[in-house]
Amino acid sequence: MSEAHPYEFCGPHLGPLAIVFGLPLVCYALVFACNAQGCLKLSDLQLPELPAKWQLFSSEALLAYLGWFALVAALHLILPGKRQEGVVLPTGARLTYKLNGFYCCVVTISAALYFGFYTNQLYLGWIYDNYTALLAAAILFSFGLATLLYLGSFTGNKLLAAGGNTRYGFYNFFIGRELNPRLGSFDLKEFCELYPGMIGWLLIDLGMAHKQFTQLGHVTVPMGLVCAFHAIYVLDSAWNEPAILTTMDITSDGFGFMLVFGDLAWVPFTYTLQARYLVDHPQALSWYFIAFIIMLKALGYLMFRGANSQKDQFRRDPEHPSVRKLQTLQTSAGRKLIISGWWGISRHINYFGDWLMGWAWCLPCGFHHIIPFFYVIYFGVLLVHRERRDEHACRLKYGKDWGKYCSIVKYRIIPMLY
Ligand SMILES: NC(=O)C1=CN([C@@H]2O[C@H](COP(=O)(O)OP(=O)(O)OC[C@H]3O[C@@H](n4cnc5c(N)ncnc54)[C@H](OP(=O)(O)O)[C@@H]3O)[C@@H](O)[C@H]2O)C=CC1
Ligand SMILES: CC(C)=CCC[C@@H](C)[C@H]1CC=C2C3=C(CC[C@@]21C)[C@@]1(C)CC[C@H](O)C(C)(C)[C@@H]1CC3
């Protein structure tokens, strides 16, 4: 029991309750508010209807979703992968992870491209036609898995997450009670964070591109840009899979509804909103706007990858030639904090880069509606909240040295602004 751990997300009742039932509603709201029938305009607040063919539930879609999850799990087990140890656990032990996200991603996406676009044996547009039923399947699966994980955390001698072991059962279900639920050596949290949801995100994008292909006879430049940008992001995450082992999601958060739903329903179904929008509202963009969007993506990626890799390299080997010359602040906790390079610009310059990339994903949708810009609005809120969570954790970890660090690197996320 860790009652000393503060309650996150506005306390143990209201916040978690609103998120658990509110987020699935947001997923539906986005589908209702913007689809082939129209897109909600703030000026007239007229809600479009759902396309007549879209079903709210179908057993076929449920089977497809379960089949997808099983397929990715099988690939993860079958394909070769590097074994890497995670951080030291509170028990002093270290877990070993099998890392082959990149292979799994390349195999599934290549197969989808080959059978979907080259041989035409696979109708990927089916994903668009069954969008709402697939979403229902993902939501049901997330509730089911989160419940099983919660109940499973009471069996055996499980290592519990500090923040998800309070006296409030529902809060624990939401935050995640067990730290690293596993089936043998199969790590459910790491797998869900990087495999079915992230690869599913790309597959749904391809489904949208394929639908557009069947409707227009070609894939438009904005659709191509969105799919390519998302693919770069997902492949980059899979390529840098070892770095995920040191993120707070893996090291300190339990695996509860928030992450289960985030990984398996929220990411694949809300992060693909721009691609779905472009099926229903194809855009034509000028070459200079396209050039601007590509430069924005490149700049965001440079910051995001540059900062994340710099810190990762520094934490693994501070004497490595690429990070040896960085200025640092020695803390009494024994670790050093980087105060030059990317980490001298703002305390989370990686978040800023990530957010800029988000803009590059939304801009290809043009300026006719606000709904396709949902991602940058939501992501801005998520990053500000995440930065506060990390700041709190670092303050506890580094004490007054963190204050010293903040006086050297003054901005939280956006240089000169925030
Ligand atoms: N697309 C999406 O939906 C999401 C994307 N992300 C992305 O994931 C990436 C990882 O994010 P996240 O795990 O939140 O956080 P970070 O990668 O920023 O890691 C934070 C940790 O880094 C260490 N650190 C902080 N400052 C310094 C410094 N100056 N020098 C050395 N180490 C430092 C601290 O841990 P310690 O000192 O213990 O090493 C701190 O707890 C980000 O790029 C983010 O944008 C995150 C969430 C959602
Ligand atoms: C309230 C709410 C919507 C909660 C869900 C949050 C999740 C969507 C995110 C929490 C942390 C995430 C990470 C990634 C995706 C989104 C979620 C699951 C991530 C896999 C994206 C790609 C990055 O490169 C990453 C691997 C560092 C990252 C890890 C955290």
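1. A definition first. Ala, Val, Leu, Ile, Met, Phe, Trp, Tyr, Cys and Pro count as nonpolar here, Asp, Glu, Lys and Arg as charged, and the others, Gly among them, as polar. On that scheme, the lining of the largest cavity has seven nonpolar residues, three polar ones and no charged ones. Keep in mind that this is a predicted model.

2. Who lines that cavity? The residues are Gly 86, Val 87, Leu 89, Leu 95, Tyr 97, Leu 179, Asn 180, Leu 245, Ile 250 and Thr 251. Strand E3 (82–88), strand E4 (94–99) and helix H11 (248–251) each give two or more residues to this lining. The space inside is about 60 Å³.

3. How many cavities of 30 Å³ or more are there? The count comes to three. Three helices supply at least two residues each: H3 (101–118), H8 (196–216) and H9 (221–239). By class, the lining splits into six nonpolar residues, one polar and no charged.

4. Now ligand 1. It is surrounded by 25 residues. The closest are Tyr 271, Tyr 351, Asp 354, Lys 397 and Tyr 398.

5. Polar side-chain atoms approach oxygen atoms of ligand 1 from several residues. For Tyr 271, the distance from such an atom to a ligand oxygen is 2.6 Å. For Asn 308, a polar side-chain atom sits 2.9 Å from an oxygen of ligand 1. Arg 335 also places a polar side-chain atom 2.9 Å from an oxygen of this ligand. On its own, ligand 1 has 930 Å² of accessible area, and the protein covers 86% of that.

6. Which elements build the shell around ligand 1? Helix H14 (287–316), strand E8 (336–338), helix H16 (349–362) and helix H17 (374–398) each supply at least two residues. H17 gives the largest share, eight residues.

7. Why does ligand 1 lie between domain 1 and domain 2? Because domain 1 (1–284) and domain 2 (286–418) both give residues to its shell.

8. Ligand 2 has 18 residues around it. Glu 193, Ser 237, Asp 249, Asp 263 and Arg 386 are the closest. A polar side-chain atom of Ser 237 lies 2.9 Å from a ligand 2 oxygen. The protein covers 84% of the 630 Å² of accessible area that this ligand has on its own.

9. What supplies the shell around ligand 2? Helix H7 (188–194), H9, helix H12 (257–270) and H17 each give two or more residues. The largest share, five residues, comes from H12. The shell has twelve nonpolar, two polar and four charged residues. It draws at least three residues from each of domain 1 (1–284) and domain 2 (286–418).

10. H17 contributes to the shell around ligand 1 and to the shell around ligand 2. H9 contributes to the lining of the second largest cavity and to the shell around ligand 2.

Notes
Residues numbered from 1 in each chain as written. Chains lettered and ligands numbered in written order. Predicted model: local features only at pLDDT ≥ 70, side-chain atom pairs only at ≥ 80, totals over all residues. Heavy atoms only, no water. Near = heavy atom within 4 Å. Polar contact = N/O pair within 3.5 Å; in protein donor to acceptor, adjacent residues only side chain to side chain. Areas by Shrake-Rupley, 256 points an atom, 1.4 Å probe, with all protein chains shown as cover. Helix = DSSP H or I, 4+ residues; strand = E, 2+ residues; numbered from the N terminus. Domains from an automatic or database assignment. 1 Å grid on protein atoms, 1.4 Å probe; cavity = no way out; pocket = protein on both sides within 12 Å on 5 of 7 lines; lining within 4 Å. Points joined across faces, edges and corners; volume = space filled by probe spheres on them.
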